[in-house]
Amino acid sequence: MSEPWEPRIVAFVCNWCTYAGADLAGTSRYVYAPNVRIVRLPCSGRIDPRFVIRALEQGADGVLVSGCHPGDCHYTKGNFYARRRYIVFNSLLDFLGIEPDRVRFAWVSAAEGAKWAELVDLTVEAVRALGPLRLFSAEQPPPPALAEAPHPEVEVPPPSTAQEQALRRVIRDLLQSDEVEVVAAYTQTAAGAVVPAFITSPEQADTVVWNDRCVHNLTTYLIGERPAANRRAAVVVKGCDARSAVGLIQESQLDRERVKLIGVECRGVRLDGGVLAAKCSCCEVTTPHLCDVLISADGTATKPEGMVKAPTRYPLPESLRAEIDQLLAIPREQRLAFWRSELSRCVRCYACRAICPLCYCQTCAADRTRPQYIAPGCDWRGAFSWGITRMLHMTGRCVGCGECVRACPQRIRLDLLQAFLADLVAREFGYVAGTSPEALPPLATFRPDDRQDFIR
Amino acid sequence: VDERTCVGCFECKRVCPAGAIEERVLQVKGRPDRIVAYVNPGVCTGCGTCTVACRSRSIELAGFTDTQIYAQIGALAEV
């Protein structure tokens with residue numbers, strides 16, 4: 001092909017405002033760049049961030065996203081929800097290192113034919129200056145190394161055996177009185193590893209352990225067809241696990257009549273190698289905030305009235321904050337190189353999905369073939385779209401239990417992405433996941449004055 | 001709504017600007033099995049906000065399904 005490269009822009013527009021505005025630009029005989037191809041949608045609320053990703057994957061060099069001005073939506077509110085999604089998506093793209101001029105957001109009304117023409121010219125020139133999209137090109141620049149973030153040495157005493165005894169008593173009583181059929185708890189194997197266990201008879205209660213190696217988030221067994229799902233069950237929860245339980249209640253996946261939460265006071269858990277989990281260094285819920293029975297550190301079991309002090313923050317340890325700040329401070333190309341090297345390692349084992357209590361969809365978007373949302377190959381394209389899709393689905397829902405990071409065999413820095421998004425949600429929308437079962441998820445609501453400084 | 005894959009999280013119900021999503025109890029062999037979303041076709045205005053909100057991809061907007069839009073994107077981005 002000897003033709004010089006021309007930017008290829010795909011535009012996602014709402015039918016009633018922007019599409020009409022573009023039509024007006026045509027009938028008004030404005031002359032503007034021809035590089036834009038339009039996909040007409042009924043409303044900006046129909047614009048899925050994944051369309052943007054898909055367009056970039058399929059060969060577009062830039063994307064334009066536009067709808068009615070807030071307050072003027074033909075369907076009254078669709079663009080308000082779209083605006084919230086844009087805020088998250090725009091920040092995520094920036095964090096990943098994709099140039100902001102490639103994905104432009106705008107509000108264009110049906111009367112703004114001139115604005116449409118200007119917008120297209122502006123976008124085309126900006127993308128022309130950036131050059132063809134190199135996101136999926138074969139050569140991969142070397143990724144920068146993140147400076148080792150300081151891990152605070154926190155002295156944390158292991159739990160007392162009194163707690164373990166009290167826990168065994170509670171479990172035995174629950175099963176003996178037939179209040180529950182199964183209890184999800186921890187046990188120790190012959191080789192000394194701590195693993196999840198499903199106790200179904202009172203005699204088995206003595207196999208339950210409670211120590212500082214009980215890292216697993218057992219609420220994940222409450223979903224789908226798992227051992228504690230759809231039955232009268234009890235689950236041993238630490239404070240971080242209780243956050244997941246709150247999330248499940250919010251999304252109608254946990255029936256509190258059927259499920260008993262056995263909260264245990266926890267000062268911290270240790271991962272392999274004896275290292276204290278990063279989330280524990282900044283834990284606000286050493287006493288689980290939502291449970292039916294609470295086993296304190298000294299071994300007393302009480303029934304809390306309502307919710308004990310709810311957390312106010314996502315567990316974002318200083319070390320993680322420092323790494324995120326580092327990433328935001330380096331140039332965009334280096335940031336992209338970092339994320340490309342991280343996400344390229346993904347082999348699509350979906351361990352992160354399997355272990356997450358909030359990944360309960362019976363048929364995950366990743367498994368669908370009509371349409372094929374996520375390319376199944378173990379290459380950068382597929383890993384990129386899987387990683388982004390999962391992050392978008394977890395925005396405002398992830399409670400920071402860290403299980404996905406522990407499960408990932410490729411040690412992908414999912415914690416950085418989750419923490420970045422959770423921090424964003426807290427700053428922009430004032431929302432923290434896992435605090436209150438009655439809270440409205442951040443993407444299911446909006447404020448008339450949500451930020452839109454990045455939207456033309 | 002594809003009732004086989006809907007998990008009843010009701011994110012769609014929360015975002016619907018028209019309030020067209022209702023809860024429906026699915027019966028299995030005469031006994032209530034689970035609660036899923038149901039779109040009242042008389043109320044739905046066809047904006048598609050629910051479609052984006054659905055993580056399990058169980059709800060689709062006729063005429064603007066993901067398959068159709070992806071086909072458009074594929075055609076436009078490459079040619």
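Predicted model: local features only at pLDDT ≥ 70, side-chain atom pairs only at ≥ 80, totals over all residues.

Trainee: Is Ala55(A) buried or exposed?

Mentor: Buried, because its relative accessible area is 0%.

Trainee: What else does Phe12(A) touch, leaving out residues up to four places away in sequence?

Mentor: Its list includes Val39(A), Leu41(A), Ile47(A), Phe51(A) and Val65(A), and Ile73(B) from chain B. Now put that in context: the largest nonpolar core has 139 residues, and Phe12(A), Ile171(A) and Ile262(A) touch the most other members. Helix H12 of chain A, residues 414-429, gives the most to this core, with ten residues. Apart from it there is another core of 15 residues, among them Ile9(A), Val13(A), Ala25(A) and Leu119(A).

Trainee: Let me turn to the interface. How many residues of each chain are in contact?

Mentor: Chain B brings 36 residues into contact with 48 residues of chain A. Between them the chains bury about 3,700 Å², with 59% of it on carbon and sulfur atoms. Arg14(B), Arg55(B) and Tyr70(B) supply 21% of the area that chain B buries against chain A, more than any other three residues.

Trainee: What about polar contacts, and which helices of chain B take part in the interface?

Mentor: Twelve residue pairs are in polar contact across the interface, counting pairs with both residues at pLDDT 80 or more. On the side of chain B that touches chain A, helices H1 (11-15), H2 (49-53) and H3 (66-78) each supply at least two residues. The largest share, ten residues, comes from H3(B). By type, the residues on that side of chain B divide into 16 nonpolar, 13 polar and seven charged.

Trainee: How should I read the charged pairs?

Mentor: The general idea is that side chains of opposite charge can pair when their charged atoms come close. Here, four salt bridges are counted between chain B and chain A. One of the salt bridges in the model joins Asp48(A) and Arg57(B), at 3.8 Å from N to O.

Trainee: And within chain A, how far apart in sequence are Arg84(A) and Asp450(A)?

Mentor: Arg84(A) is in helix H3 (residues 78-96) and Asp450(A) in the segment after H12 of chain A, so their pair ties together parts that are 366 residues apart in sequence. The closest N and O atoms of this salt bridge are 2.9 Å apart, and both residues are buried.

Trainee: Where do Asp423(A) and Arg427(A) sit relative to each other?

Mentor: They are separated by about one helical turn, because they are four residues apart in helix H12 of chain A. Asp423(A) counts as buried at 18% relative accessibility, whereas Arg427(A) counts as exposed at 53%. Finally, look for networks: salt bridges with shared partners join Arg46(A), Asp48(A), Arg50(A), Arg57(B), Glu60(B) and Asp66(B) into one.

Notes:
Residues numbered from 1 in each chain as written. Chains lettered and ligands numbered in written order. Heavy atoms only, no water. Contact = heavy atoms within 4.5 Å. Buried area = accessible area lost by both parts, 1.4 Å probe. Salt bridge = Lys/Arg side-chain N within 4 Å of Asp/Glu carboxyl O. Polar contact = N/O pair within 3.5 Å; in protein donor to acceptor, adjacent residues only side chain to side chain. Nonpolar A, V, L, I, M, F, W, Y, C, P; charged D, E, K, R; others polar. Core = buried A, V, L, I, M, F, W, Y, C linked by side-chain atoms within 4.5 Å. Buried < 20%, exposed > 50% of the residue type's maximum accessible area, 1.4 Å probe, protein only.
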